Amino acid sequence: MAEAQLVESLRRDLSDEHGQATDTAVRIIWTADHLDAARRLQPSLVAAARPDGPS
């Protein structure tokens with residue numbers, strides 16, 4: 001659902017007069033992908049950052 005909303009938003013708000021995604025749209029997608037990756041890695045990163053290391 002969130003991905004569909006993002007795509008619709010790009011089509012409506014972040015396209016230039018030729019229908020191409022603008023630089024802002026590309027940055028939003030790139031950032032969203034990296035945030036998703038960070039969320040998936042969060043448990044591993046937290047465990048590695050503990051003073052006693054991973055459990």
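**Pocket lining, overall form and a salt bridge**

The lining of the largest pocket comprises seven nonpolar, no polar and four charged residues. Here Ala, Val, Leu, Ile, Met, Phe, Trp, Tyr, Cys and Pro count as nonpolar, Asp, Glu, Lys and Arg as charged, and the others, Gly among them, as polar. The model is predicted; local features need pLDDT of at least 70, side-chain atom pairs count only at pLDDT 80 or more, and totals for chains, interfaces and linings use all residues. Residues are numbered from 1 along each chain as its sequence is written, and side-chain values use heavy atoms, with hydrogens and water left out.

The largest pocket has a volume of about 210 Å³. Of its 11 lining residues, Glu3, Leu6, Ala32, Asp33 and Asp36 are the closest to the centre. A pocket is an open set of points on a 1 Å grid over the protein atoms alone, where a 1.4 Å probe fits, with protein on both sides within 12 Å along at least five of seven lines; lining residues have an atom within 4 Å of a point. Grid points are joined across faces, edges and corners, and the volume is the space filled by probe spheres set on the points.

Helix H1 (2-13) and helix H2 (23-49) each contribute at least two residues to this lining. H2 gives the most, with six residues. The protein has two helices and zero strands. These are DSSP runs numbered from the N terminus (helices: H or I, at least four residues; strands: E, at least two).

The radius of gyration is 17 Å, whereas a compact globule of 55 residues would be near 10 Å. The radius is taken over C-alpha atoms, and the globule rule is 2.2 Å times the number of residues to the power 0.38. Along the principal axes, the C-alpha atoms fill a box of roughly 55 × 20 × 10 Å. Of the 55 residues, 9% count as buried. Buried means under 20% relative accessible area, exposed over 50%, and partly exposed in between (1.4 Å probe, protein chains only).

The structure holds one salt bridge, defined as a side-chain nitrogen of Lys or Arg within 4 Å of a carboxyl oxygen of Asp or Glu. Arg39 pairs with Asp36, the closest N and O atoms being 3.0 Å apart. Arg39 and Asp36 are three residues apart in helix H2, so about one helical turn separates them. Arg39 counts as exposed, at 53% relative accessibility. Asp36 counts as partly exposed, at 35%.
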